[in-house]
Amino acid sequence: MAPVPRPGSLRDPDIAELFFKHDPEKIFEDLREIGHGSFGAVYYARCLISKEIVAIKKMSFNGKQSLEKWQDILKEIRFLKQLKHPNTIEYKGCYLKDNTAWLVMEYCLGSASDIIEVHKRPLREDEISAICDGVLRGLSYLHEFGRIHRDVKAGNILLTENGTVKLADFGSASIKCPANSFVGTPYWMAPEVILAMDEGQYDGKVDVWSLGITCIELAERKPPYFNMNAMSALYHIAQNDSPTLSANEWTDVFKHFVEACLQKSPHLRPSSQQLLSHIFVTRQRSPNVLIDLIQRTKAAVRDLDNLNYRKMKKILMVDNCETESNIDSLPDVDDAPEEPTGGDSSKSNSVTSEHSVHSVGVSASSQSSSTNSLPAGWHDTKTTADSSCGRYGFERACERQQFRHYSHHKHSHQAAEGAHAGGNARANVRLQANAARASKRVDETGGQVPDGDGKPQEPTGQRVRGSFGELQQRTREAANAQELERKTKQSAALEKKLIKEITSRQDSDRKAFEAHRKKEYKANKERWKRELSQDDSTPKRQRDATL
């Protein structure tokens, strides 16, 4: 039996051709985190070669189950390389660096879930129609080649600057059809996926069911059964009637579209290709409906409070970086003519602008996307059965981001104070030298100080003593400033140590929580499987023996 190659090995030519050989740190610059999950992190970046903006998904295959992680990375790369469609995310390549895969894709502004979170209200019907049109085109392309996405939801539907809808996150996708793995995010999962277990099979129509749930999510800001835990939601999806739109404000056409997507029987459920001709998708709407939605979302992000702005700033990332590059192209303040006022203000604004661009938060949708998915075999830590784990990790990430934001601001303030104190010290040296020269001149002229024309003036010993008094006062102020700087540095060091301890404790709590939820889900899954396999015709003694 041939030995299994170690994770990260490129000796196999078929694996080596999936990766570029260059050092990604020399190709991409200005990396800024825009999303995070247990799989790793997603970064905004700029390519030094093509000068285009890209998104980089860093996935580490270190630590436990490194072989499984490596196989998942290879699977996703192979899947992405096959995609060539306007409504699927564009794959640009992959690099290896320090046991981490850099998956490079086109940059999108944000997800449909981000937009709902910004506006705090459902989308309009014509906006949902336009999104469904793009999603169905992407799904029809996948299903035509026997591929299944298996994780369609608002958090995995991205929008570009020009309003193009993109399907993303193919980590749960299947390259064969029919499939039988228990994979997906619970609240969006089709009944046949839940009931498939080890014996059943399903096809691309499970994505159509997930699209119907996504329509309800866009119309009501959350999917059905979202107030339940994941196991309860799975049970209700499998046993209850299909969910429907609860509000009466929606048109009959939209309601019929959702009902068609959520047909309980896969045989009665239309395919993605058939739904492209549904009147809800083909209805008349403005060609700029999604562009207008994006512009309104950008304006709303600018009006958010500080915490929510940091969470959703990725939507404005391209605009902010273009503004920053324009600022960088202006003449340096140090090279410009010195003005009596305004010089320090320009430097302060520059620091503030740079700081604000770097304080990028984590969106809740990206968190739930990475933590709620249930991968096949349950060996990938990026899936958790309960959405509360996603919210738990998201809150901790926001807290760490707040600490970094405060620390950066404080250090910038300290640097400004240090520069001011250094300026005072240099001024004190000059003042002391001038006072010494003045004292020497007084001694030479018998207590008289020459004026600007060299003519002696009246004795001015009091003026000299006043200068020395001012010098002493300035010296004391400089000493106080240095003492303040020293204490501030000590406080910053203590704060850094405290942040490290808090972060470490939170990470350990989160890992323990995820392990507990995973163990609990496995137990419930086995129990549920046994219960579903029984019926009333089974003798009680046999049922008890099975349990």
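This is a predicted model: local features need pLDDT of at least 70, side-chain atom pairs count only at pLDDT 80 or more; totals for chains, interfaces and linings use all residues.

Colleague: How many of the residues of α3 are buried, then?

Modeller: Eight of the eight, over residues 112-119. The helix is therefore largely enclosed by the rest of the structure.

Colleague: What comes just after α3?

Modeller: Lys120, which takes a positive phi of about 60 degrees.

Colleague: Let me step back. How many helices and strands in the protein?

Modeller: The secondary structure comes to 18 helices and ten strands. The protein has 547 residues, and buried ones make up 45% of them. Among contacts with a separation of 6 or more, 69% join residues 24 or more positions apart.

Colleague: Which residues have the most contacts inside the largest nonpolar core?

Modeller: Ile128, Val135, Phe170, Phe254 and Phe257. That core has 94 residues.

Colleague: Where does this core lie relative to the domains?

Modeller: Between them, because domain 1 (13-106) and domain 2 (110-291) both give residues to this core.

Colleague: Take Phe170. What does Phe170 touch?

Modeller: Leaving out residues up to four places away in sequence, Phe170 touches Glu76, Phe79, Leu80, Leu83, Thr88, Ile89, Leu142 and His149. Another core lies apart from the largest one. That other core has nine residues, including Phe28, Cys47, Val54 and Tyr95.

Colleague: New topic: cavities. How many are there of 30 Å³ or more?

Modeller: Five. The second largest cavity holds about 70 Å³ of space.

Colleague: Which residues line the second largest cavity?

Modeller: Arg150, Asp151 and Val152 are in the lining, along with Val183, Gly184, Thr185, Trp188, Met189, Ala190, Val193, Val206 and Ser210. By class, that makes seven nonpolar, three polar and two charged residues.

Colleague: What about the phi of Tyr225?

Modeller: Near 65 degrees, a positive value in a residue other than glycine. Tyr225 lies in the loop between α6 and α7. At 18% relative accessibility, Tyr225 counts as buried.

Colleague: Which residues does the cis peptide bond join?

Modeller: Cys177 and Pro178, with omega about 5 degrees. Pro178 is in the loop between β8 (165-167) and α5 (191-196).

Colleague: Last one, Ala247. Where is Ala247 found?

Modeller: In the loop between α7 (230-239) and α8 (252-261). Ala247 counts as partly exposed, at 22% relative accessibility.

Colleague: What does Ala247 touch?

Modeller: Glu220 and Lys255, not counting residues up to four places away in sequence. Glu220 and Ala247 are 27 residues apart in sequence. In space the two are 8.4 Å apart, C-alpha to C-alpha.

Note on methods:
Residues are numbered from 1 along each chain as its sequence is written. Side-chain values use heavy atoms; hydrogens and water are left out. On a 1 Å grid over the protein atoms alone, a cavity is a set of points where a 1.4 Å probe fits but cannot get out, and a pocket is an open set with protein on both sides within 12 Å along at least five of seven lines; lining residues have an atom within 4 Å of a point. Grid points are joined across faces, edges and corners, and a volume is the space filled by probe spheres set on the points. Ala, Val, Leu, Ile, Met, Phe, Trp, Tyr, Cys and Pro count as nonpolar, Asp, Glu, Lys and Arg as charged, and the others, Gly among them, as polar. A nonpolar core is a set of buried Ala, Val, Leu, Ile, Met, Phe, Trp, Tyr and Cys residues joined through side-chain atoms within 4.5 Å. Buried means under 20% relative accessible area, exposed over 50%, partly exposed in between (1.4 Å probe, protein chains only). Domain bounds come from an automatic or database domain assignment. Contact means heavy atoms within 4.5 Å. Helices (H or I, at least four residues) and strands (E, at least two) are DSSP runs, numbered from the N terminus.
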